[in-house]
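Thanks for asking me to look this over. Here are my notes, as numbered points, to read with the structure open beside you.

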Amino acid sequence: MFQGSSALTLDAKGRMSIPARHRDVLLASEQGRLTLTRHPDGCLMLYPRTVWEEKRKQIAALPGSARPLQRLLLGNAQDVDMDGAGRILVAPELRTAAGLDRDVMLLGLGSNFELWDRAQWEARCMTDVGNLDPAILEQISF
């Protein structure tokens, strides 16, 4: 279960270090094999490869009316492997699509991650909090 957020930096080549708390799990369970793809919200999604394979099958099985979503998710998916330093390379096409420059946020969402441009994430977070459905908030206690 991946959770929490990490403020990270992309280097000049577009590489990003996976935080140690996630790196060890990903190396043990996935041998550092991951898949990156676009998200409809404008960020990138990062999946452990075995989780992605299940998602990929679900997406591929969608009806023809879902072709635009299939293009977005499957057409932009790129397999990446952690290097010896625990870094992954975010391809230029994906960096451009998500508006990633240097400062990014990696968010653990259970079985996968979202990768956001830090400024975009901060603006999106404030908007999302303001749009929360009160009925959903009533279902949990703090």
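1. Salt bridges first: the count comes to nine, where a salt bridge is a side-chain nitrogen of Lys or Arg within 4 Å of a carboxyl oxygen of Asp or Glu. Please keep in mind that this is a predicted model, in which local features need pLDDT of at least 70 and side-chain atom pairs count only at pLDDT 80 or more, while totals for chains, interfaces and linings use all residues. Residues are numbered from 1 along each chain as its sequence is written, and side-chain values use heavy atoms, with hydrogens and water left out.

2. One of the salt bridges is between the side chains of Glu53 and Arg56, with N to O at 2.7 Å. Both residues sit in helix 2 (residues 49-60), and because they are three residues apart, about one helical turn separates them. Helices (H or I, at least four residues) and strands (E, at least two) are DSSP runs numbered from the N terminus. Glu53 is partly exposed at 26% relative accessible area, and Arg56 is partly exposed at 32%. For these labels, buried means under 20% relative accessible area, exposed over 50%, and partly exposed in between, using a 1.4 Å probe and protein chains only.

3. Asp83 and Arg87 form another salt bridge, their closest N and O atoms being 2.9 Å apart. Asp83 is partly exposed, with a relative accessible area of 28%, and Arg87 is partly exposed too, at 24%.

4. Arg124 is partly exposed at 27%, and Asp128 is partly exposed at 33%.

5. On cysteines, a search of the whole structure finds zero disulfides, a disulfide being a pair of cysteine sulfur atoms within 2.5 Å. The sulfur of Cys43 is 13 Å from the closest cysteine sulfur, in Cys125, which is too far for a bond. Cys43 is buried, at 2% relative accessibility, whereas Cys125 is partly exposed, with a relative accessible area of 26%.

6. Strand 4 (residues 44-48) is mostly covered, with five of its five residues buried. Leu44, Leu46 and Pro48 point one way from the strand, and Met45 and Tyr47 point the other way.

7. What does strand 4 pair with? Strand 3 (residues 33-38) runs antiparallel to strand 4 and is joined to it by five bridges; two strands pair if DSSP finds at least two bridges between them. Here Leu34 stands opposite Pro48. The two strands form a hairpin with five residues between them, and Gly42 in the turn has a positive phi of about 105°. Strand 8 (residues 113-117) is also antiparallel to strand 4, through three bridges, and Glu114 in strand 8 is the bridge partner of Met45.

8. Back to helix 2: its twelve residues reach 16 Å from the first C-alpha to the last, close to the 16 Å expected at 1.5 Å a residue. That expected span is 1.5 Å times one less than the number of residues. Arg49, Trp52 and Ile59 are buried in helix 2. Seen down the axis, the buried residues fall within an arc of 70°, so they line one face of the helix; the arc is that of the directions from the helix axis to the C-beta atoms. They pack against helix 1 (20-30), strand 3, strand 4, helix 3 (67-73) and strand 5 (78-81), with contact meaning heavy atoms within 4.5 Å.

9. Helix 1 is worth a look as well. Its buried residues are His22, Leu26 and Glu30. These cover an arc of only 30° around the axis, which puts them on the same side of helix 1. The face turned away from that buried side carries the exposed residues Asp24 and Ala28. The buried residues of helix 1 pack against strand 1 (2-9), strand 3, strand 4, helix 2 and strand 8. Just after helix 1, Gln31 takes a positive phi of about 55°.
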